[in-house]
Amino acid sequence: MTKRSKADFRALRESLGLTQTDLAIELGVQPQTVKKWEAMNHPYSPPESAWIRLDEMEAEQILATEDIVNRIIELVNRFNGDPGLIPIKYYRDQDDYNVHGRDVAPYGLINARIRAAAKELRRRKLNVQLLYPEEYEKLLAEAKGI
């Protein structure tokens, strides 16, 4: 396997929706350590253990995204393939996710999964709309006639 670069490390971290601080917490290191791993002018590269964890997180993201897509497709099939609009919650920041989300996780990680799922659903020609939690709840209440 080709040696991966500092830029590869940063790109993978960012594709997972993680900040340097999020990853530092995940790895049990200081945020400054992650920053140094990614800095061109710093001699230290990310250790193998950090690469392994990022690779694991990428695999987890792929599975989570597939799960989101499959659950939505299952619902679409219940509506004979024409659900109309498919609303999906999207979070503004960590506080927003802490109030409206389900799991304990960085909101960027969750939003990255949501973006990937929305992209796949749109590729399948489904009408997806990302909504902030308040918009999502309002839409649901309107649909229920509340």
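This is a predicted model: local features need pLDDT of at least 70, side-chain atom pairs count only at pLDDT 80 or more; totals for chains, interfaces and linings use all residues.
Biologist: In what order do the secondary structure elements run?
Modeller: Helices (H or I, at least four residues) and strands (E, at least two) are DSSP runs, numbered from the N terminus. The protein has seven helices and two strands. From the N terminus on, the order is α-α-α-α-β-α-α-β-α.

Biologist: What share of the protein's residues count as buried?
Modeller: Buried means under 20% relative accessible area, exposed over 50%, and partly exposed in between (1.4 Å probe, protein chains only). The C-alpha atoms fill a box of roughly 60 × 35 × 20 Å along the principal axes. Of the 146 residues, the buried share is 36%.

Biologist: Among contacts between residues at least 6 apart in sequence, what share join residues at least 24 apart?
Modeller: Contact means heavy atoms within 4.5 Å. Among contacts at that separation of at least 6, the share joining residues at least 24 apart is 66%.

Biologist: How many charged residues are in the contact of α1 with α3?
Modeller: K6, F9, R10 and R13 of α1 meet V34, K36, W37 and E38 of α3. Ala, Val, Leu, Ile, Met, Phe, Trp, Tyr, Cys and Pro count as nonpolar, Asp, Glu, Lys and Arg as charged, and the others, Gly among them, as polar. By class there are three nonpolar residues, no polar ones, and the charged count is five.

Biologist: What geometry do the rings of F9 and W37 adopt?
Modeller: Rings of Phe, Tyr and Trp (its six-membered ring) pair if their centres lie within 6.5 Å; planes under 30 degrees apart count as stacked, over 60 as edge-to-face and the rest as tilted. A search of the whole structure finds three aromatic pairs. For F9 and W37, the centres are 5.8 Å apart and the planes stand at 90°, so the pair is edge-to-face.

Biologist: How far apart in sequence are the parts that F9 and W37 tie together?
Modeller: Both F9 and W37 are buried. F9 lies in helix α1 and W37 in helix α3, so the pair ties together parts whose separation in sequence is 28 residues.

Biologist: Which helix holds W51, the other partner of F9?
Modeller: The F9 and W51 ring centres are 5.1 Å apart with planes at 80°, so this pair is edge-to-face. W51 is buried, as is F9. Ring pairs link F9, W37 and W51 into a cluster. F9 lies in α1, so the pair ties together parts 42 residues apart in sequence, and W51 lies in helix α4 (residues 48–78).

Biologist: Which ring does R92 lie over?
Modeller: A charge sits over a ring if NZ of Lys or CZ of Arg is within 6 Å of the ring centre and within 35 degrees of the ring normal. R92 is at 4.9 Å from the ring centre, over the face of Y132.

Biologist: What is the phi of K125?
Modeller: K125 is found in the loop between α6 (107–123) and β2 (127–131). K125 is exposed, with a relative accessible area of 73%. Most residues other than glycine have a negative phi. The phi of K125 is positive, near 70°.

Biologist: Which residues does I68 touch, leaving out those up to four places away in sequence?
Modeller: I68 is in helix α4. At 25% relative accessibility, I68 counts as partly exposed. With that exclusion, the residues touched by I68 are R113 and A117.

Conventions
Residues are numbered from 1 along each chain as its sequence is written. Side-chain values use heavy atoms; hydrogens and water are left out.
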